[in-house]
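Let's take a friendly walk through this structure, starting with some aromatic side chains and ending with a group of charges.

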Amino acid sequence: MTQAELEELAVRKRRAEGTPCTDESFNAWREKFEKEMAQKKAEEEEKAQNEKSGKKNKEKVNKDDTEDRLTGYEQFSGKAGLMNLEAIEAAADEVENEEESDDEVQVDDLDVDEELFDDDDDLDDL
């Protein structure tokens, strides 16, 4: 066997056997493991506290938002007050007038470079 094969066998043997467990190595592992578990537990408790306090804050915010809003029933039953139809019609007329003025384009006012359209030779190749 070559030197590389012997080294590979030694590595495989060490992997199969694993690390020997002594009192010192076990205690070191145990301390490290317990610290990790304590840290995880503290993070989970902190997250749970934040979620609980977050839910309370959300409930307060939602209650504040909905106090001034009308319910669907109030909106459609007319209990919210009479609608001012004249104001709605005036707003609709304003929108129509704006659209009409925007749509009107004067052709004489446009600057067109006619040289761009003179070259028809390129279209024959298509």
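Helices here are DSSP runs of H or I with at least four residues, numbered from the N terminus. Please keep in mind that this is a predicted model.

Begin with helix α2, which covers residues 23-67. Phe-26 and Trp-29 sit three residues apart in this helix, so about one helical turn separates them. How many aromatic pairs are there when rings count as paired if their centres lie within 6.5 Å? The count comes to two. One is formed by Phe-26 and Trp-29, a tilted pair with 5.8 Å from centre to centre and 35° between the planes. Phe-26 is partly exposed, at 37% relative accessibility, and Trp-29 is also partly exposed, at 48%.

Phe-33 is partly exposed, with a relative accessible area of 36%. Taken together, the ring pairs link Phe-26, Trp-29 and Phe-33 into a cluster.

Is Glu-86 buried or exposed? Glu-86 is exposed, because its relative accessible area of 65% is over the 50% cut-off. Glu-86 belongs to a negative surface patch, together with Glu-89, Asp-93, Glu-94, Glu-96 and Glu-98.

Notes
Residues are numbered from 1 along each chain as its sequence is written. This is a predicted model: local features need pLDDT of at least 70, side-chain atom pairs count only at pLDDT 80 or more; totals for chains, interfaces and linings use all residues. Side-chain values use heavy atoms; hydrogens and water are left out. Patches are made of residues with over 30% relative accessible area and no salt bridge: like charges are joined within 9 Å, nonpolar side chains (Val, Leu, Ile, Met, Phe, Trp, Tyr) within 5 Å. Accessible areas come from the Shrake-Rupley method with a 1.4 Å probe; for residues, only the protein chains shown count as cover. A salt bridge is a side-chain nitrogen of Lys or Arg within 4 Å of a carboxyl oxygen of Asp or Glu. Lys and Arg count as positive and Asp and Glu as negative; His and the chain ends are not counted. The place of a charge is taken as NZ of Lys, CZ of Arg, CG of Asp or CD of Glu. Buried means under 20% relative accessible area, exposed over 50%, partly exposed in between (1.4 Å probe, protein chains only). Rings of Phe, Tyr and Trp (its six-membered ring) pair if their centres lie within 6.5 Å; planes under 30 degrees apart count as stacked, over 60 as edge-to-face and the rest as tilted. Helices (H or I, at least four residues) and strands (E, at least two) are DSSP runs, numbered from the N terminus.
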